[in-house]
Amino acid sequence: MYQSHDRAAQDFVRTIQRRTFLSQAGVGLGSLALSTLLGRGATPLRAAVEPARGIPGLPHFAAKAKRVIFLCMAGGPSHLETFDFKQKLIDLHDQPMPESFTKGQPIAQLQGQVLKAHRPMVGFKQHGQNGQWMSDLMPWHHKMADDICIVKSMVTEQINHDPAHTFMNAGTAISGRPSMGAWINYGLGAETDNLPGFVVLTSIGGRNNDQPIASRQWSSGFLPSRFQGVEFNSTGEPVHYVRSPAGVPQQLQQATVSAIQELDRLRNPMGTEPEVDTRIAAFETAFRMQTSVPDLMDISGEPEHVLKLYGATPGDGSFASNCLLARRLAQRGVRFIHLYHRGWDHHGNLARDIERCAHYTDQASYALIADLKQQGMLEDTLVIWGGEFGRTPMVQGKGEQPGRDHHIKGFSMWMAGGGIQPGISYGNTDELGYHSVENPVHVRDMHATMLHQLGIDHKRFSYRYQGLDMKLTGVEEAKVVRGILS
Amino acid sequence: MQLIALPARFVSTSGMGKSIIYSGLLVTILLGLNSVSAAAPAKVDFNRDIRPILSNRCFACHGPDSASREADLRLDREEDARRVLTAAKPEGTEPKSGDKHSGEIELLRRVLSKDPDERMPPPELSKDLTAAEIDLLRHWIDEGAVWSLPWSYVPPVKVAAPEVKDPAWSKNTIDRFIAARLEKEGLKPSPAADKVTLIRRLSIDLTGLPPKPAEVDAFVADNSDDAYEKLVDRLLASPHYGERIAMYWLDLVRYADTVGYHGDQEHRIFPYRDYVINALNRNLPFDQFTKEQLAGDLLPDPTLEQKLATGYNRVLQTTHEGGLQEKEYLAIYGADRVRNLSAVWMGGTLGCAQCHDHKFDPYTAKDFYSIQAFFADIDEAQHLKRGADRSPTLRAPELELPTEEQSKNIAQITQRYEDLVAQAEAEKKAAEKAAADAQPPKKDQPDAVAVTADGSDTTKSEAATPATPAPSESVGADGAPLIGQPATEAATPAVASPENGVAKLPFKLSKEERLQRAVKGGKGKYKGKTGEQIQQTRTELLAALESMDRCMITIAIAPRTIRILPRGDWMNDSGEVVEPAIPAFLGKLETGGKRPTRLDLANWLTDSKNGAGGLTAHVMANRFWYLMMGSGLSSSLDDFGGQGQPPVHPELLDALAIEFVGSGWDIKHLLKTIVMSETYRQSSAATPELRQRDPNNQLYARQSRFRYPAETVRDTTLAISGLLNLDVGGASAKPYQPAGYYRHLNFPVREYQMHKDDRQWRRGVYVHWQRQYLHPMLKAFDAPSREECTAERPKSNTPLAALVLLNDPTFVEAARVFAARILKNGGSSAQERLDFAFRQAVSREATPEERKLLSKLLKDSKTYYHEHAEASKELLSIGLTPVAKIANPARLAAWTVVARAILSKDETLTRE
């Protein structure tokens, strides 16, 4: 009984293939292959048609910025030793913090301890035409005082590293939500067919005991997984499994890929299964990535003066190299480039360790801005610098190597390019650098502003998940910070 | 299939005001088969047609959330909504079916208004109704504005399977529901798939493993009438069935081997995973499965398995970050538990009510915290204080699970250690005596083991003697023995009291910790040869203790106070204190005045008569259907609330839920019922018409075709090659992984140590699940991080996944081992060998075109490797499998290339 049954089943499959061929004649694989590439080639089982570039209707209005480079100073840089100068902290040095500031406030490691104010541990001067306050730690930053907008009134809601990063990236500490890079990749897509729209780079150099970074930070959460950040490594394999196995030369790898594609085509002669075509295209891109990604990640071909500008040595995995890579990725159409530099968590020995962090990041941050400017890309590239929170005006630790604890009620970040007004400071903390009192900018406001510069109205940018129209900016109030737009 | 009748109580609707009036109508609607096609103007179904409109357009401001409610109007409850549905009628009159009065109804008037101040939803919200939606509203009102509870809260109603014109096709009740609907749509079911496809499909669906060629041959040759059923029974009885279903269950309960937050340290939980696999293999009824996981510790005389089951309550994400605020994390964990419980068992999004009442479903914030209160007796405080900067973390209460050999070994080392210490003491005393004879007397030091609250030792000399280990008498945090005999007082090291200046511990240490602390005291204490021996034995003992398997479990302690946190703010203590309670709109637990427990909750979830069992059965039946058919009867596998997608086949889902409950929550029975249907056996090849008519396969006029889940991709590749290790259970396996992948982790800094024995080739379900750095292979094939409940994985098809198939050493090694097998067992000609390889991989012989194609690849590869001996050596050395000593490495390398192509083929990794 099954034999005849089986013949019927096979006939059925053949019939379908023939009929489909007739109805689809003329549609070549070439067009499919081109439109179904990394980041966009991941057709979910049930999606009928994939958006070619982001989602329809976006951008909502003319965009000022086409892409974002986010320089995450992980660990929580002290605003009080970088951009937020407080004379009053000098006056109040070693005195108890007035309770009016700290009562009922969340405290991390200083829980249950006597809270004393501590003066800035480095000198401050004013720089640039508008006299922006900056500490002596970052001399290269002084040179770009007129290019950046320092936001001194940032506020976040999470006081421990892991949830604070999650909050900075996803606007909530609840796990399973998309990171801003994934949101933007989903909304706008990439400007490239050969690279992911959201790339993450982490750098070597810092203290020896840096805070961990979780891949949750570049997760796509409930968005389709193809929008997640892809980590590129500036040392070792640039992308996992991007090199052919040992003993397999390029031409054999190519022949193998072609054979896989041909075998798949033979099983799907008339293109009845769109998933198979997607797969054939995915193998195509994978093979191309095997050469294009290592080429992209190899900065040794950059002119000497550029390497010197950044302070980058090819293959060193440094923040400097990653800043240069960020520019290369931006040039190739990647939408969101997220750099992490760990080591800014200075509970003790702040003066020594923050200088190290500054040393690793100062020049390269400047170089990135200068380079983008020179390439004519700064105007449509939004660069954001900052950590997951700031640090307390209160001292942590005793003796000669004091530090500062985590602080969320007021801290500094800077933004540049992408339609942000250069050379200004925005907002302020109180006289002790504790609370954000003038023009507070919540993380959600930063997200709303970033989306706005990309031509997206944060209120109308949502994704249906578990019955809710989820947004990067969530349900609480979020506002575009008009005061920093040029 | 026998649909078992349930007592009447099961099918009655729960009383909710006027909805009772309409329950008769509701049953009528469920009986009617509504068409999705636009052609026939069908009767409007409130849940299918109207609720989504109200929910999407109106509930945000006129819904359950009291905080955001406008104009004191809510449209989610019938009694309130009637205000705007009857406005034009005299007070108190009900709209009657057939009344053509839609134009006078306030709801419609406001929707249609041209005045921007009157129009609803307000134009600035950009939530305008579409013309089709307005039309539906109008029809609905004209038909009498029939209301009903959200479909998922209506208990399953038994409906007789419909009559069909062509009864021959239907094998069981499922088929009649499917066929009746297809007839209505003018569609025909697809023909049955061929036998080879069927055995491949069944093997993957029920065991996650491809069939062996001999199994395929036997099934194809078996012409008996019950050949198919015998196959189904064999697969359901396989020990690998439990592994396959566990893959799904572990996604739901977010099982992982690491804590997830901050340092993402390992925690000890794999015995819980094995419990799940065993329970599924034993076909533990789902209601019991539920009770054991939520409350195994509260069952009378819990068995070892039931204790391990409570690992469920401990497998959530936790943190060991320094400077954490205990209260904050207690709130985070509490919320996590509520989200998972409601997602897994209720298909609910109760998590949305953490800060405010639910926007779309009748869950209140109070419900959220009341559910949380069930879990208030889980001891969280211990790990928040300890286990930092250590991997695996210390996570008492843990169950110690030494093997017999380990127990013996530990006892033996301990004995040796004690003897040595005694000897050292004797030597010391002798030396002291000798010295004392020559010196004036000195005051003695007090001897005691003292442990400070922060865990640092202030151990004195005698403390160096470890307690006699009795690992099977492991002591829990509350001091109660976990298994076996109670630990004796003598086995407990002295804990210093506040009098001697050391803070009293808030909890007792686990035996493991006590031993370790006691033994640590011996470090460098004794000099000379005996001292060295003690040092060495000490190291041995610590290693032996560390090597024991352990599992986090639940032991109830006095419950913490749970308050409603206003806006979810953990720093705000002003909220009302809540007791454990089920969501208010679903009723109340009767516990005779006693505080309801986790066990009461579990009982309620699986009580189909007086509890939420109907809902649970709906949720799980839908998911088992999804596993077998590729799409759920309701496509929202994780949202059975008002915003979820109502099932296209509500009567069928009801029938499956009733069948599930009626069979005694028998999972294997439910799966068998589904796979025995003709619906399941259809071909997955889709005609273009069908693809267009029903792209998401909601009508089931065909089977679904999809790429295997991540674990199955791995298992299939290893199985075909012959490398797969089929051991069931045990510690998680660590396959090859890119170097430096954990470099961003810290506390402690970790380097991945891959397994160098046959654990390397274990099944995917056993692969070490690092939440933050999930193995890149699993990640590329859409396995979730398991931070939250995952009811449906995406099925992407990306270049990153292609790179895994091409270049991940697991896959390259499998290819070279497969190639060796092809050469050894595949006959002598290239054609025979290709056919052999195809039979292993795709259960059929190669076609002439395939042979031609691969022969060319083989030839080109041979040419290359003959000229490049070094390259063949490199390729053949990938992976731990010893390199076969063969005369012709170039040939093996060339066949490795061919094997890579066959293993990476779409067909090899696709369920058809």
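**H32, chain B.** I started with helix H32 of chain B, residues 830-842, in what is a predicted model. I counted 13 residues, and from first C-alpha to last the helix reaches 18 Å, close to the 18 Å expected at 1.5 Å a residue.

Next I asked which residues of H32(B) are buried. My list reads B:Arg833, B:Leu834, B:Ala837, B:Phe838, B:Gln840, B:Ala841 and B:Val842. I then looked down the axis of H32(B): the buried residues fall within an arc of 160°, so they line one face of the helix.

What do they pack against? I found five helices of chain B there: H10 (213-221), H28 (710-721), H31 (809-825), H33 (848-867) and H35 (889-904). I also checked what follows H32(B), and B:Ser843 has a positive phi, near 60°.

**Chain B as a whole.** I stepped back and got 35 helices and six strands for this chain. Of its 912 residues, 53% are buried. Looking at contacts with a separation of 6 or more, I see that 70% come from residues 24 or more positions apart.

**H6, chain A.** I moved over to helix H6 of chain A, residues 161-170, and asked how many of its residues are buried. It is 10 of 10, so I noted the helix as mostly covered. Among them are A:His161, A:Asp162, A:Pro163, A:His165, A:Phe167 and A:Met168.

For partners, I have the buried residues of H6(A) packing against helix H7 (180-188) and helix H13 (443-453) of chain A. Last, I looked just past the end of H6(A), where A:Gly171 takes a positive phi of about 80°.

Note on methods. Residues are numbered from 1 along each chain as its sequence is written. Chains are lettered from A and ligands numbered from 1 in the order in which they are written. This is a predicted model: local features need pLDDT of at least 70, side-chain atom pairs count only at pLDDT 80 or more; totals for chains, interfaces and linings use all residues. Helices (H or I, at least four residues) and strands (E, at least two) are DSSP runs, numbered from the N terminus. The expected span of a helix is 1.5 Å times one less than its number of residues. A residue is buried if 20 or more other C-beta atoms lie within 10 Å of its own, exposed if 12 or fewer, and partly exposed in between; C-beta atoms are placed from the backbone. The arc is that of the directions from the helix axis to the C-beta atoms. Two residues are in contact if their C-beta atoms, placed from the backbone, lie within 7 Å.
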